[in-house]
Every structure is written in C-alpha cells, then in structure tokens.
Amino acid sequence: MHLAYYEKTTDAAQQRIWTFYEAIKSELKRITLMFGWHGNILRIDLNRKSFEFDTPDPGLYHKFIGGRGLAGYFLKNQITLSYNDPDMPVLFFTGPLVNTQSPTSGRMTIMSRSPLTGTIGDSSVGGSFGTMLKKTGFDGIIITGCSDQLCGIEIFDDKIRFVSATALAGQTVSELNRMLKDKGATAVIGPAAENGVRYSNIMIDGHYTAGRMGLGLNLATKNIKYITVKGTGKTPVADPVGLKTADKDIFRLVSASPALMGDHGISRFGTGALYDLMDARHMMPTHNFRKTRFEHAAALNAPAFHKRFMPKSTGCHGCHIRCKKISSDGRPLPEFESMSHFSALIGNPDMETVMAANQFCNDHGMDTISAASTLACYFELTGKHPATENIMALLSDIVFQKGIGEQLGQGSAQFAQNFGFPETAMTVKRLELPGYDPRGAYGMALAYSVASRGGCHLRAYPVSHEILRKPVPTDRFTFTGKAKIIKLQEDVNAMADSLTVCKFIFFAASIEEYANVYSAVTGLKISGQELMKIGERICYQERIMNAKNGFTAKDDDLPKRFFEQPESCTDTNAPKPINREDFLKARAAYYVVRGLDEDGMPTKEKAEALGLI
Amino acid sequence: MEDIFKTYLTKMVHNGLIDGGNALLGLADAKLDWSHPDDPACETLAPLFDHLNINTLIFAKPAEPYWTIIDYLAQNAVGPITPNDCETRTFLHDLPVADNLTAEALIPILRHRKSAIVRNYGIVTYGTVSLEQPFVTFSSVCFACFVKFFSDFLLESKSGSLDDNKRKIFESVTAMLPEPIQTRPPELARGPFTNEKDLLHAICQAGKQVVDLGLVDSSFGNISYCANDILYISQTGSFLDDLADCIDPCPLDGSSCAGITASSELSAHMGIIKQTDCRAILHGHPKFSVILSMDCDVECCEHRGSCHKFCPYDRNVCAIPVVSGEVGTGPYGLCHNVPKALHDRPGVIVYGHGVFTTAATDFNQALHKLIDIESQCRIEYFKKTLKG
C-alpha cells in the first residue's frame, strides 16, 4: 500500500525546541516523582494537524489514577457538547499498572460522549494498544478537532504523523489491519462508523472491541479511520520485588477461582462459559426478553462451539487468563453476550449464523449486543422470522444504511419509537441490555438502571455474586442490601477501569490485593479502601456529567416489560415480574448511599466532600 | 433484617464459633442496622461504616477454645499474626492485631485487611457484599489461629523452647477441646445411587453430618458423587451443612459449562473419579490432620517455605500420604497430586490444607475414613508433644 502523508503545519524548528523542553521537563518529573505513570499526555488537534504534550500535576494522577478516571476528568468540561462537535474530545487513557508485570493490566479506556445514549461513553478494551501507548511514554491521548479528510494517526514513540486515509474509506477492520500490521497496535473503525451507525465500535488489533457506546462514530465524525501506536519505552516501577510478591498473591487467588481457571471457566471456554448457567438460571434473554430460556441452548453452548471450531486461546497483552478464543479458521469465537443475543435473543438456532453475525459485526466495526438487540426489537415489531438470510441481510443493511437498515442503525430505542412502540426497546438510557435477564437477578436490575453509561452489566457486575457466587453468594431474588452492594461494586469497577485492569480478575482477587500492586508500582502506599474512595469519586464525576446533560431519576429505570409481563411460557420456575415498588425503594436507597438527591441528582455537598468542586 | 441476623448468628453458634448469640452483626444499606442495637459496641463500630467502604460487619469474642488461643497469640504478637495454613496463605494473607476496640485503632487496619483481632475483646471482620463474607472470614481466623497455636507448640516442644506460660495455655486449651469422635456416627444413605433425587439427598446428608460431628466448619470443604457419567459437586462458597440447591451437575464428557460455579476443587474431584474406582468424595479441613501435615522432620530442606507448592519427599502422617498442592488448577494445584496419591490409600492429606477421602458406593465409608484420619492425627499429635 502506498500512503501519502503530510507533516503538521506548525513551524518545525520552534516545535522541536518546545518539544525538547517538554521532554526534559517530563523526564525530570518522571525521575523525581513518577513511577507507574509517565506524566505525559499527548494532545492532538485535528483542526490544525498539530500536537502538544501536556504534563499534568502528579496530584491529578493520584486523584483520578488513569483510564476511566483520568479520561473522565479531561472530558467533563466538554460533556455538554454534541458528540459530533469538533471540540468534543475522544480520549484514550491507560493506567499506572499498564506495561508493568501487574496481572491483567494490558487494558485502557476510550471515552467520549456517546452518540447512542448521550451519556458519558467509555469502553475498557484489551489487546495491545494500551501497552503500546504506554511504551511510547504517554499515559493518554486527547484528540479534538476534525480532520478535513479521512486520516490516520501514526504514533511511534514521541513521533506523531498524520496520514491521509482517503484511499481507505470503506475498508473493513480485517483488511485495514492487514495493511497496518507493521505499524504496531491498531485502533480502527469499520464501515459501520463511517456510515453513521450509532453503535459502531473502535476495534483494537482487529479482534478487541471498544464497544457499546458508539465510539466508532466519535472517531468517524473526526474523520479518523485509524490510529496506530508503537513504543519502545519501559514504565518505571517503584518496588519490583514488592510487585512480584503482590502478583503472586493474585495468581494464587486466580488459580483458586472456578469461574476463571476452573474446568468450565472462562480461561478454557471464554466468556461463553456463562451460556449454560444463564439458561439454567432462567436468565437467558430470549425472543427480545419475552422468554428467559432458549430451547436450543444445549446445542449452542461453549463446549459445542469448541467442539465445532476447535479454537486456540489468546488474550490481552500481559494476561494469563487468555479468555479470547480464535477458531481454527481464524475467526473469533463470540463472547457470551454475542453468543446469547445472536442465538436466544433473536430466536436463531443456527451456530454458524451466530459465528457469521459476530464476525460480520466485528469486521464492520459494529456492536454485537446493540445490533442483535435492535434486530430482536425489529423481529418482534414486524413479526418476521429470523432466518439466517434475514439476519445477515439486515446486518448488512444496517452497516451500509440501506432500506430499513437506516432506521435500525439508530439503535432499538429510536427504532421502536419510530415504529410507535417504544416499550419494545429493551434499553436503559437508550443502551441495549446485555445477556442477563434482570428478572432473575435483582442486583442486576438495579445495576442496569443506575449505570452511568446506560443498560450496562459491567459497571457493578452483580452476576459475580448473584450467579457466580463470588466473593460470596447473595440471594438473587431480593433487593435487600443490594443498593449499597451495587454502589460499592461500582466503585471497585471504576477503580479497575482506571488502574486499568480486567474486571474479570475480581472474580478472584479483591481491591485489597490490587492495592499492593498499585503501591508497588507507584511507590504510593495506599489501601484498598482508599482506592475504593477514588472509585467513588470517579463514579460521582460521571453522575455529574450525566446530570449536566439532563439525566435524572426518570432515566434510571428499566423497560416496563420487566415489571409487568409474565414470561410467555408455562414453566413454573420462570421468574416473576419485578415488583416495581421494591425496585423504586432500592433505587431510592441507592441514591442515599451514592449521595444523590431524591431525583438522582448530584449534590454540592457530596461533590465537595469528594474533591470534585 | 432480623431474619438475616438470625441466620448468621445461628450459623456461628452451630459452628462453635461463638457462645449463644454472643456476636454483634451490622448491615448497612441506605441505613445501618445492628443485630443488637443496644450493644454499646454499636456506637464504637458505627464510624467504621462511615470511614470504610463496607456494608457488613461482625464483632464477636470467639467461643472457647478459640478465644484463649487467639488472645494468647494476640497478646504475644509483634506485628500481625502469620499462620502458614492454606486459608491464610490464599485468602487472609496475615492477621493484624489492634490494641483497642476503637474506630481509630480499627480503621487503619481494616483499610488493608479483612479482619482485625482486638486484644482482650475479640475479632472484627467486614464485608462489601453480604454477611457471609465476615462470617467466613471470622471462621477462617479462628481456624488459622488454632492451627498456628498447635503447630507452634509442637515445633517448640520438639526444639525444647517452650516456656511455662505457653505450656499452661496449652493445657488449658487442650482441656477445652471437644471430645474426639469415638463411636460410629448414624448411618448415612446406602448407595449406589442412580437417580438424581437420591444422590442429591445423600450429598446433603453427608455434608451436614461432617459439620454436625465437628470435623470441620461449614465453609471448609466440598463433596461430590458421580452417577450416570455426571459428577454432582457442591458449589463454590457453599456450606457443607446447607447444600440444598448448591450442587452442580458436571457431565464427565465436558458437554456443559453449568459447573462454572462448582467448587474450586472440581478438577481434583474429576481427576479422582477418572483415576480411581470411587463414586463418593469427601474433602474437609479437619484441624489435627492439617496441623500434622505441616510437621516435617527433614532438616535443612531447600524447599522449606514452599512446601505447599512442592515437596520432593514421600511423606506420610499416620500412614496417610501428605502431598503438596494449592487450591484450584494452577501450576501447583492440588488437582495434580491428589488423584494419584489416592490409589489404594484410604485418603490423602494436602499440606496445610485438608483431607480427601473416597468410597465406592456411598458416603459412609468416606466419612468413616475422614473420622479415622482425624482421630489418628489427633492421637499422634499429642504423642508427639509428649515426646517433645
């Protein structure tokens, strides 16, 4: 491939002097103050095709850590802008543990305002991009402005190039990755984003998805087709021996975790290992959440996929769990959510269609959960049969915005509203719900409703205790005590997304063990409890941002279906509708423990107490 | 809320962790509730909920003989208490000690660890999910301190370094130990079992019997039975004496992942089923078996300190093999050593961890073996201390 490129337009000599000065300043700071972080943030202005280095006060790192926390800090002043305003930033942030020997730390956060939900839009993503970014000497990238033509950004250590990508318009993720394979880690968008699909993804290294929030469209509106990053640097660690000891404690706990490393755990089967359990617990969203078990589940579970596709294991940089599975023909096996939604949710019994739909979405840069959920809504409203050809044709129509695909590409909430039946969209804050029916786990019901990015399972991940029995089991059919549990787990997961580590490892380890890792890496002695306090600050900051965009208690709610409609089957074990009064009481209790007012709005007092004002 | 408090208070009494009702339980959601709101300790401990990100707490003085042991260790500790058993190594790390029952003394400790032993007062533990966390932690602290006290005593006895005070405490504690099991327990359901209902009943019955006999606390073990090419095994984090709805069916052919919530020792159980002729497997952490498994006479061993991971010697305690192995499936997982060690042996002891026993048809023989191993280890322990 021949790519024309153009250098940035600022005076080169002046820029070099300034860059040299910044590098000296940064290095001094690193040597004297910083372990774990580099103290450098790369700011890219696409309007001028220019960049500069920002060296925030170390106190800012201590206060927001990195990843989701730090990205949120840099987003908050622009959060009321439209997602496609040139001044709306797209932020890529790693955490202090990235590019060290810390377990599962090969992750990062990408954040902006979501085109799908209008809330803050962040995604924690694996692959090698976070590690490579850290190797360049940057803790994060903030991109503002808009390129006048489709472009790529190529980063090699502290060298940044803006490259024309007009010839790459419409390229799929796999094609693009083949072209970029020598340029390091990749973050690319596919045709879905270029064509305006509101749930388009940024794809990392071809297989890892920064999904759910439509972040692909954020890049597309800036005319960015891809970003590559390659670095050669190391991340300084304050106490390598202490880190080794802390790592050992975590590895021991991981080995003891059935959900992670057990015979049926996600290390062996990927997250698809959850498929059987969700069906057995009557929590498998089926036929657009009208049923909770899928009659073909036994033939479509993770062992069946493994038998047919004989996958090999891979994983994020530096992770020994290796939950990503790639089939013998090179296709990624679907994650649990994609398995569940492209089978049970849309009523599809064909395994190859699940694989093909998953592959198609990944290759075109489109969120599988939202795509499948929007199809499920479409099938319910039109009464059409989800045959293989319908499914694949509709996905193609969405990506290329043809016919009904143009409406479906706006997400199920908009589609159902256009159709006159908004209640058939299974969304919270316009984000399609993932593969856990909340009628089977009341903590999940509360967590979906209050999550700052909409109907998300990962903010508090109550599946951990309500289903997987970790750290201890809780009664999944009660709201008693759940308000505080959800709040505390949100704080922990905000911390995981800021460190940045994989949330799955908290099936085994706790914030107590990760505090030791953090202390060893950064040299800052801190307890798990203090890290949770920072997690609380990060969550509250997100509530403040959403409140600025008009989100209130009315948005912290579930679709009516979960309160009203008994499952359309005769199975006596099927879960009952959620009692609305109990739900509202639990939500009110959550507001109390989160320090919000009765309408779910942040208060000045709490914001001050958390150091946010 | 009262029902929840009652459930855990009953569990604590049943496991011999406290004397009747002698525990303060706190649970916070939008507001903080206490099991005994009039207890003056409520006022002392309430600030913990404000300063720590927790939602549950247990404060109690453990029942005897635990309290004498724990207070002795606490009074003599310089820094945290550091037992070497598997529970501590894997989950607790160490057991910090506080001088006073005040929020000021406890908060800095509980910021780093799940429990604090308060000299002269008792144990404070907390959770971030449910009361089950502080309950399990409380039980683990009692177990770990018991094992450490008796292990240390044996070691010092053999080296001739015991002082009079420790001897006195030892005698006092020994006098408070429950009587050894000397008669055969009531018969359990007779196997082999072929239908699911019968075998689930048999698992629940055997699990309860193990706890009722005082062999182990309810959270210290797991149990399985294999029939029709399915291994039925207790779930992770389940209580041996309350296994109804906590048993996972795991097909031997691996055709389902429903066992993702199965015990962390599923791999070991699967290995035993595949490598031996047994159907029933019992695993528990009886104390004297654990204590003796850590008593090694080899001097100057280069592997000292990592015996839980690797041991080059064929060790036996009371003719029962002792093997190394950590919880679960890691490179040092006990699943690699236990199945082969069980060949033609009544059971196997995992270093610092617990005992596996098996039987061909039902749980009677497996339970008898567990009782026998623990009884023999207890006798052997006291023989050794006398010799020392």
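User: What stands opposite Leu42(A) in S7(A)?

Analyst: Ile141(A) does. This is a predicted model, by the way.

User: What makes strand S2 and strand S7 of chain A count as a pair?

Analyst: Pairing takes at least two bridges between two strands. Strand S2 (residues 41-45) and strand S7 (residues 140-144) of chain A have 5 bridges, in the parallel sense, so by that cut-off they pair.

User: Which sheet of chain A holds them, and what is its strand order?

Analyst: They belong to an open sheet of 6 strands, running S3-S2-S7-S4-S5-S6 in chain A, with mixed pairing. Neighbouring strands there are turned by 15 degrees against each other on average, ignoring direction.

User: Why are strand S3 and strand S6 of chain A called edge strands?

Analyst: Strand S3 (50-54) and strand S6 (120-125) of chain A each pair on one side only. That's what the label refers to.

User: How many residues of chain A are in contact with chain B?

Analyst: There are 46 from chain A, in contact with 40 residues of chain B. By class, the chain A side has 25 nonpolar, 11 polar and 10 charged residues. Several helices of chain A supply at least two residues each to that side, including helix H21 (482-499) and helix H23 (528-548).

User: Why is Val129(B) called buried?

Analyst: The label needs 20 or more other C-beta atoms within 10 Å. Val129(B) has 25 of them, so it's buried.

User: Where in chain B is Val129(B) found, and which residues is it in contact with?

Analyst: Val129(B) sits in the loop between strand S6 (122-127) and helix H6 (132-159) of chain B. Leaving aside neighbours within four places in sequence, Val129(B) is in contact with His465(A), Pro471(A), Val472(A), Thr474(A) and Ile485(A).

User: What does chain B's secondary structure come to, and why is the chain called as compact as a globular protein of its length?

Analyst: Chain B comes to 12 helices and 14 strands. Buried residues make up 55% of chain B's 388 residues.

User: What confidence does chain A get?

Analyst: Chain A averages a pLDDT of 94, and 95% of the residues score at least 70. Over residues 1-9 of chain A, though, the pLDDT is below 50.

Methods. Residues numbered from 1 in each chain as written. Chains lettered and ligands numbered in written order. Predicted model: local features only at pLDDT ≥ 70, side-chain atom pairs only at ≥ 80, totals over all residues. Helix = DSSP H or I, 4+ residues; strand = E, 2+ residues; numbered from the N terminus. Buried ≥ 20, exposed ≤ 12 C-beta atoms within 10 Å, placed from the backbone. Contact = placed C-beta atoms within 7 Å. Nonpolar A, V, L, I, M, F, W, Y, C, P; charged D, E, K, R; others polar. Axes fitted to C-alpha atoms, helices over the stretch in contact; angles between N-to-C directions. pLDDT = per-residue confidence, 0-100.
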